[in-house]
Amino acid sequence: MMEHSRLYYLFDCYTSGRITSSEELEFAALVIDPANEEVLVELEARYWEKLKDSKDPLPEGAENSLRNILPASVVPLHKKMVRVVAAASIILMIGLGSYFIFSNKNETISETAVKGTVPKDIQAPNTNRATITLANGQTVYIDSMANGSLATQGSVIVTKLADGKIVYSGNTSAIIYNELSNPRGSKVIDMVFSDGSHVWLNAGSSIRYPVAFEGNERKVSVTGEAYFEVAHNTAMPFKVTKGEMEIAVLGTRFNVNAYDDEANIKVTLLGGSVKISNGAASGLLKPFQQAQVADKIAISNDVDIDAVMAWKNGLFYFDGTDIKTIMREVEKWYDVEVNYQSDIQASFVAKISRAENVSELLKILQLTDLVHFKIEGNKITVMK
């Protein structure tokens, strides 16, 4: 009972933003303890009722944000993960920042780990370094170009809007290809094709496409990661290719992760339907399913859409992810080289804004005391 009284007090301090560093550590330890699960759920419910009764307007999505504060709402107990909640100015939660770290091992979280810092830092991308290679071989550096017309090809005009979006408009009967490349260390870029379809490109990605679609199909090829919102056209299916893999759609929303350094191509459907083929293998995806494409096509219903779409929504979102997968994302986003001094056999769950410097993400992972990092120039070393 005494421990629960202390938990009530610390919860109040945390949600009011007046918790001290030592109290934060104490609160984290109580959150980890499964014996406090029921009490924490009760505290969350009370706090939400209090907020709803308040005269002050709540931010959009506040309820969902609040529910991220407690472990019962975030990770099912059967995952048996350590859960740590720490105050930080990373993800807005009703005026109070919060982030979440989980590990699949029961490790003690020391005050040194919480307060520890990564000695040097690398900033997140603050500009877009994307380029368009035109049919004549000319390279257009998008970030250095003023808003307005970038190029004219046939009767098709390429325009840069005030928000940085690239738009193709017009038609031509000639077959003219362009390639949009978004290098490592560059912000996400989005583009509208001549048919009104929309694509977003992650860092370290590229897409080759005709400036105007002609004939009986709309075909583009992609490397890296892209999210598509395809304009419906029954007479002209939209096709995305990567090597022998082909995705055929009429009008839908889907994400493609086709980086060369990943073991499988992953296609995740958010709406509509897509047919995937790879050599002799084929499969049909329904909304909220994911296909992993290799020699065979494996379709999964257990997909965390928030995790898949995190990159487009400006987040790193890892859910039981191994360190090498995490660091591959770090390499592309921050344009760094990663070396491994140790083999880390652990999975992690973490959520953080992609606008943060790399040290903030690394400090979160270090909270588990399972992994540590060293930054030297543009290189990051991973250690136990």
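At 14% relative accessibility, Asp-190 is buried, where buried stands for under 20% relative accessible area, exposed for over 50% and partly exposed for the range in between, computed with a 1.4 Å probe on protein chains only. This is a predicted model, in which local features need pLDDT of at least 70 and side-chain atom pairs count only at pLDDT 80 or more, while totals for chains, interfaces and linings use all residues. Residues are numbered from 1 along each chain as its sequence is written, and side-chain values use heavy atoms, with hydrogens and water left out.

The side chain of Asp-190 joins that of Lys-165 in a salt bridge at 3.8 Å, N to O, the term denoting a side-chain nitrogen of Lys or Arg within 4 Å of a carboxyl oxygen of Asp or Glu. Because Lys-165 sits in the loop between strand S6 (156–160) and strand S7 (166–169), and Asp-190 in strand S9 (residues 189–192), the pair ties together parts that are 25 residues apart in sequence; strands (E, at least two residues) and helices (H or I, at least four) are DSSP runs numbered from the N terminus. Lys-165 is also buried, with a relative accessible area of 15%.

A salt bridge also links Asp-195 and Arg-218, whose closest N and O atoms are 2.5 Å apart. Asp-195 lies in the loop between S9 and strand S10 (198–201) and Arg-218 in strand S12 (residues 218–229), so this pair connects parts 23 residues apart in sequence. Asp-195 is partly exposed at 25%, whereas Arg-218 is buried at 1%.

The structure holds 13 salt bridges.
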